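Here's a quick briefing to read alongside the sequence and the 3D view. Take a look at both, then work through the points below.

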Amino acid sequence: MAKQILVTGGLGFIGSHTVVELQNAGFDVVVIDDLSNTTIKVLDQITDITGIKPAFEQIDLRIKADVKAFFDKYKVDGIIHFAAFKAVGESMHKPLDYYENNLGALVYILQEMRDRKLDNFIFSSSCTVYGQADELPITEKAPVKKAESVYGNTKQIGEEIIQDASKAHGINAIALRYFNPVGAHESVKIGELPLGVPQNLIPFITQTAAGMRAELSVFGDDYDTPDGTAVRDYIHVVDLAKAHIAALNRLIEKNNKEAYEFFNVGTGKGSSVLEVINAFENANGVKLNYKIVDRRAGDITAAYADTTIANKELNWKTELSLETALKSAWEWQKKQN
Ligand code: WQD
């Protein structure tokens with residue numbers, strides 16, 4: 001009997017790619033999504049890729065009674081929790097919406113796990129919890145720093161809530177601290193679907209290349225980096241999705257050494273904004289319009305992962321290159337027009 005896994009936010013960018021890899025790995029998947037930042041079409045696109053239609057429930061996880069009703073209906077063997085608001089800039093204008101959705105929903109799910117003795121919880125966290133780390137590459141020993149954004153704070157507090165719930169109620173849990181997810185599935189049936197003006201670099205690049213944006217603004221070239229532009233660790237979203245399967249297997253097989261663990265999930269390589277622009281142009285044979293502007297408030301200079309612990313403990317490592325990610329992002333963008 002296949003184990004059934006709940007994926008909240010399962011029709012989102014990282015969620016949908018993770019549902020595909022879960023099905024590929026033989027898991028039975030049920031998706032919860034409130035469709036606030038995606039479309040129901042993604043469910044069919046997942047089904048087109050794997051040939052298996054996940055069970056789907058449209059639920060607003062801020063409604064405690066609806067969360068309880070879900071768990072009355074489904075007895076899941078594990079939960080991967082992606083559902084959250086994720087726009088860094090927006091979070092500064094709507095802090096209470098972010099705390100309610102990103103933390104309220106988390107507490108309701110953990111309460112159901114406590115009451116029903118459910119196990120195996122994976123949390124979508126972010127390298128943003130490190131702020132500007134003192135040392136690079138960033139290891140899991142790096143201190144968590146006061147978040148610069150409400151969004152980042154919801155990830156920090158979320159991890160603390162999970163750690164406390166794990167200790168008090170024996171829920172075994174893993175937080176995956178993502179670096180920068182990019183790219184799209186090789187089938188070009190799922191990818192990043194930013195609604196409105198993209199906040200993140202890659203969708204802004206692909207929309208500029210597609211002529212939807214006049215030009216890309218490069219936020220600052222006066223950072224203390226080789227070419228002056230900020231450095232990040234861009235990980236292919238399919239590699240990131242596979243890290244969730246590895247983490248789930250660790251929990252199901254009870255190989256976790258602590259009730260609560262966290263891992264940095266990146267490639268281990270840093271790329272500057274200008275390096276990404278050049279790589280995109282070379283990979284896709286397109287020329288990109290861009291201009292250097294002032295720094296964006298809240299941005300850090302550089303972040304890239306030390307992947308030693310994740311590689312070893314999760315028995316997982318990235319396999320796809322930045323070039324592959326940028327090619328797939330462009331193929332996905334061209335399908336949107
Ligand atoms: C990357 C680099 C920008 C846009 C955030 C969150 C993180 C995760 C990913 C959700 C930076 C530069 C960007 C543009 C630019 N969030 N840039 N022009 O800020 O590293 O991480 O998104 O899952 O938790 O913190 O990602 O893609 O916004 O920016 O020059 O139009 O590209 O300054 O150096 P970021 P990003």
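UniProt positions are given in the numbering used here, feature names are shortened, and annotations may be inferred rather than shown by experiment. With that in mind, UniProt (an unreviewed entry) puts the feature "domain: NAD-dependent epimerase/dehydratase" at residues 5–260. This is a predicted model, where local features need pLDDT of at least 70, side-chain atom pairs count only at pLDDT 80 or more, and totals for chains, interfaces and linings use all residues. Residues are numbered from 1 along each chain as its sequence is written, and side-chain values use heavy atoms, leaving out hydrogens and water.

**The annotated span**
- Residues 5–260 are 41% helix and 17% strand, and their end C-alpha atoms sit 19 Å apart. (Helices, H or I with at least four residues, and strands, E with at least two, are DSSP runs numbered from the N terminus.)

- A polar backbone atom of L201 is 2.8 Å from an oxygen atom of the ligand; a polar contact is a pair of N or O atoms within 3.5 Å.
- For F219, a backbone N or O atom lies 2.9 Å from a ligand oxygen.

Terms used:
Polar contact = N/O pair within 3.5 Å; in protein donor to acceptor, adjacent residues only side chain to side chain.
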